[in-house]
Amino acid sequence: MPDLKKSTVQRQIMESFFLGYQAFTAKPDEMLARRGLSRVHHRILFFIASYPDLSVKELLSYLGVSKQALNTPLRQLIEMHLVESRTAEEDKRKRMLRFTAEGAKLEQALRREQVRLLERAFQHAGEEAVNGWLAVNQTLATSTIRT
């Protein structure tokens, strides 16, 4: 276990995390920028792909942002015909989000780039390292350790 009381160890671990994330997002960021989109749009696309017919309220929860912060990027995706918003049949006040064919194609292309990078990194690091990495990320993702 690394000694996180040491500043040099803290910085080394954090730098590795930041640079790894930068590598993970670089190609998708480039692909999105060509369309005038950004990482926030990617996050929206990711969760719509993960949960088809996701409600706006559920998306807000996953993203951890306000309705105001979501409004502009979601509207842009809808105006670009990448995402469509439909009224839920069971509750007319509820808006459900899903991809258009073009939106699904874009999300798949973004995901494909990230999967390629992960495959190379996982192959290089080995199974034990991958399992450790997954455990750390899953722990970070759970709300039980957040302050």
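## Helix H2 against H5

Helix H2 (residues 39–50) packs on helix H5 (residues 101–125) at an angle of about 100°, their axes lying 10 Å apart. Helices (H or I, at least four residues) and strands (E, at least two) are DSSP runs numbered from the N terminus. Axes are lines fitted to C-alpha atoms, for helices over the stretch in contact, and angles run from 0 to 180 degrees between N-to-C directions. H2 and H5 are therefore roughly perpendicular (65 to 115 degrees). From H2, His42, Leu45 and Ala49 make the contact, and from H5, Leu106, Glu107, Leu110 and Gln114 (contact: heavy atoms within 4.5 Å). These residues are four nonpolar, two polar and one charged. Ala, Val, Leu, Ile, Met, Phe, Trp, Tyr, Cys and Pro count as nonpolar, Asp, Glu, Lys and Arg as charged, and the others, Gly among them, as polar.

## Basis of the model

The model is predicted: local features need pLDDT of at least 70, side-chain atom pairs count only at pLDDT 80 or more, and totals for chains, interfaces and linings use all residues. Residues are numbered from 1 along each chain as its sequence is written, and side-chain values use heavy atoms, with hydrogens and water left out.

## Helix H2 against H4

H2 also packs with helix H4 (residues 67–79), at an angle of about 70° and with the axes 10 Å apart; the two are therefore roughly perpendicular. Val40, His41, Ile44 and Leu45 of H2 meet Leu70, Pro73, Leu74, Gln76 and Leu77 of H4. This contact has seven nonpolar, two polar and no charged residues.

## The sheet

Three strands form an open sheet in the order S1-S3-S2, with antiparallel pairing (strands pair if DSSP finds at least two bridges between them). Strands S1 (54–55) and S2 (83–87) are at the edges, each with a single partner strand, so one side of each has no neighbour in the sheet. S1 pairs with strand S3 (residues 95–99) over two bridges, and Ser55 stands opposite Met96 in S3.

Notes:
Angles under 35 degrees count as roughly parallel, over 145 as roughly antiparallel, 65 to 115 as roughly perpendicular and the rest as oblique.
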